[in-house]
Amino acid sequence: MTAEQHTRNHRPGGQAWKPAHGAAWIRNPEGETVVMGLEAGRPQRLSPSAGVVWECLLGGLGPEEDLAEAAPRTEAEIVADVAAAFGLPEAEVTEGVTAFLRMLETSGVAERI
């Protein structure tokens with residue numbers, strides 16, 4: 001394990017995430033969140049709860065803002081924001097948030113840093 005990988009895996013609050021280079025998103029007229037990795041070119045319409053996780057990943061950036069400006073956020077920060085948004089204990093949302101972040105990574109929309 002390199003020093004950089006060790007640092008990444010041992011940040012306070014866990015791994016950090018950010019939108020992937022080439023990711024884009026919109027909120028359509030129906031209020032749905034749609035994300036897409038430009039390399040894959042396949043839009044994904046998110047469920048309302050997944051849309052909340054996506055917006056927590058972005059840390060408040062709106063669809064009209066440059067995703068390159070998104071500050072990296074730890075899983076712990078994202079989990080805390082999602083739990084607060086739904087009024088649930090963090091323990092109840094952690095597994096789902098982590099799984100969704102990994103799915104976003106696989107889709108080329110988010111990346112671990």
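What follows is a dialogue about how descriptions of this predicted model rest on computed values.

Me: What makes a feature of this model count, and how are the residues numbered?

Reply: Because the model is predicted, local features need pLDDT of at least 70 and side-chain atom pairs count only at pLDDT 80 or more, whereas totals for chains, interfaces and linings use all residues. Residues are numbered from 1 along each chain as its sequence is written, and side-chain values use heavy atoms, with hydrogens and water left out.

Me: Where in the protein chain is confidence lowest, and where is it highest?

Reply: On the pLDDT scale, the predictor's confidence in each residue from 0 to 100, the protein chain has a mean of 89, with 88% of its residues at 70 or more. Confidence is lowest in helix 1 (residues 3-9), at a mean of 42, and highest in helix 3, at 98. Over residues 1-11 pLDDT stays under 50, and the model has eight contacts beyond four places in sequence for that stretch, a contact being heavy atoms within 4.5 Å.

Me: How many helices and strands are there in the protein chain?

Reply: Helices are DSSP runs of H or I with at least four residues, strands are runs of E with at least two, and both are numbered from the N terminus. The protein chain has four helices and six strands, in the order α-β-β-β-β-α-β-α-α-β along the sequence.

Me: Why are helix 2 and helix 4 called roughly perpendicular?

Reply: Helix 2 (residues 48-58) packs against helix 4 (residues 90-106) at an angle of about 75 degrees, with their axes 11 Å apart. The axes are lines fitted to C-alpha atoms, for helices over the stretch in contact, and angles run from 0 to 180 degrees between N-to-C directions. Angles under 35 degrees count as roughly parallel, over 145 as roughly antiparallel, 65 to 115 as roughly perpendicular and the rest as oblique; the two helices are therefore roughly perpendicular to each other.

Me: Why is Ala83 called buried?

Reply: Buried means under 20% relative accessible area, exposed over 50%, and partly exposed in between (1.4 Å probe, protein chains only). Ala83, which has its place in helix 3, is buried because its relative accessible area is 2%. Not counting residues up to four places away in sequence, Ala83 touches Leu88, Pro89, Glu90 and Val93.

Me: How do you know that Ala70 counts as buried?

Reply: Ala70 lies in the loop between helix 2 and strand 5 (73-74), and its relative accessibility is 9%, so Ala70 counts as buried. Leaving out residues up to four places away in sequence, Ala70 touches Pro19, Leu58 and Leu61.

Me: Which residues of the largest nonpolar core touch the most other members?

Reply: A nonpolar core is a set of buried Ala, Val, Leu, Ile, Met, Phe, Trp, Tyr and Cys residues joined through side-chain atoms within 4.5 Å. Of the 25 residues in the largest such core, Trp54, Leu57, Ile78, Val97 and Leu104 touch the most other members. Helix 2 gives the largest share of this core, six residues.
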